[in-house]
Amino acid sequence: MKPLGRAKSRLAPAADASQRPRLALAFAQDTVAAALAAESVRNVVVVTDDPGAGAALAALGARVVPDSPAAGLNAALAHGARAAGAARPGGRVAALNADLPALRPAELARVLRHAAAFPRAFLTDAAGIGTTLLTAGPGMELRPAFGGPSRLRHRAGGAVEIPLSGVDSVRQDVDTASDLRTAAALGLGPHSARVYAALSPLMSP
């Protein structure tokens with residue numbers, strides 16, 4: 001998770017510079033809470049150098065580790081996967097976007113159960129271009145390639161695409177105002193719902 005002051009710039013102008021950090025943190029809080037509530041999830045590791053975000057997510061039960069690679073998203077995800085693997089040797093790991101404010105534990109559990117049949121697997125985002133989740137089995141490197149058209153990169157890298165329907169909350173990440181409206185229609189988690197309520201007059205198409 002990048003520092004909150006630089007998060008969610010594409011939500012402008014619907015959300016101003018004081019509101020975007022609050023939204024980004026709320027999205028992450030709802031994502032972490034839902035992930036921790038999902039069946040088969042034992043630990044959630046958050047990679048961030050933002051002290052405020054780290055404290056808030058640790059309070060929910062996440063383990064927070066610093067972004068010691070400081071080399072971008074994919075390096076941070078690989079670092080987080082190593083940290084998770086060290087804490088639970090022999091377990092599966094999954095990288096999950098931190099901006100899934102409508103995430104439902106039961107839907108995430110379905111995705112993880114399906115992914116468990118493959119050495120590496122991924123779920124594409126709602127737009128069908130990016131990736132919201134990538135998993136790796138015991139002894140497998142995660143090899144994240146998030147950002148932009150990552151669906152094609154993960155597929156080319158040998159990860160199996162998860163074809164499930166009915167898991168919209170796991171696919172719906174939020175970069176734009178339109179994404180946020182769609183997530184709100186799915187049903188936002190409590191942290192995001194509180195922040196969104198103050199913004200909703202500005203979020204009309």
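This is a predicted model: local features need pLDDT of at least 70, side-chain atom pairs count only at pLDDT 80 or more; totals for chains, interfaces and linings use all residues.

User: Glad to have it on screen. Which residues of α1 meet A53, A56 and L57 in α2?

Analyst: The contact of α1 with α2 divides into 6 nonpolar residues, 1 polar and no charged. On the α2 side are A53, A56 and L57. Facing them from α1 are L25, A28, Q29 and V32.

User: Are α1 and α2 roughly parallel or roughly antiparallel to each other?

Analyst: Helix α1 covers residues 19–37 and helix α2 residues 51–59, and their axes lie 10 Å apart. α1 passes α2 in a right-handed crossing. The packing angle is about 25 degrees. Angles under 35 degrees count as roughly parallel, so α1 and α2 are roughly parallel.

User: Which elements give two or more residues to the largest nonpolar core?

Analyst: That core has 23 residues, and V44, L108, V111, L123, L133, I162 and V170 have the most contacts inside it. The elements giving two or more residues to this core are α1, α4 (105–115) and β4 (120–124).

User: What does L133 touch, leaving out residues up to four places away in sequence?

Analyst: L133 is among the residues with the most contacts inside the largest nonpolar core. Its partners, with that sequence limit, are A95, L96, L108, V111, L112, A121, F122, L123, F146 and I162.

User: And what covers the buried residues of α4?

Analyst: The buried residues in α4 are E107, L108, A109, V111, L112 and A115. Their cover includes α1, β3 (93–96), β4, β5 (131–136) and α6 (168–171).

How values were computed. Residues are numbered from 1 along each chain as its sequence is written. Side-chain values use heavy atoms; hydrogens and water are left out. Axes are lines fitted to C-alpha atoms, for helices over the stretch in contact, and angles run from 0 to 180 degrees between N-to-C directions. Helices (H or I, at least four residues) and strands (E, at least two) are DSSP runs, numbered from the N terminus. Angles under 35 degrees count as roughly parallel, over 145 as roughly antiparallel, 65 to 115 as roughly perpendicular and the rest as oblique. A crossing is left-handed if the near helix is turned anticlockwise from the far one by less than a right angle, and right-handed if clockwise. Contact means heavy atoms within 4.5 Å. Ala, Val, Leu, Ile, Met, Phe, Trp, Tyr, Cys and Pro count as nonpolar, Asp, Glu, Lys and Arg as charged, and the others, Gly among them, as polar. A nonpolar core is a set of buried Ala, Val, Leu, Ile, Met, Phe, Trp, Tyr and Cys residues joined through side-chain atoms within 4.5 Å. Buried means under 20% relative accessible area, exposed over 50%, partly exposed in between (1.4 Å probe, protein chains only).
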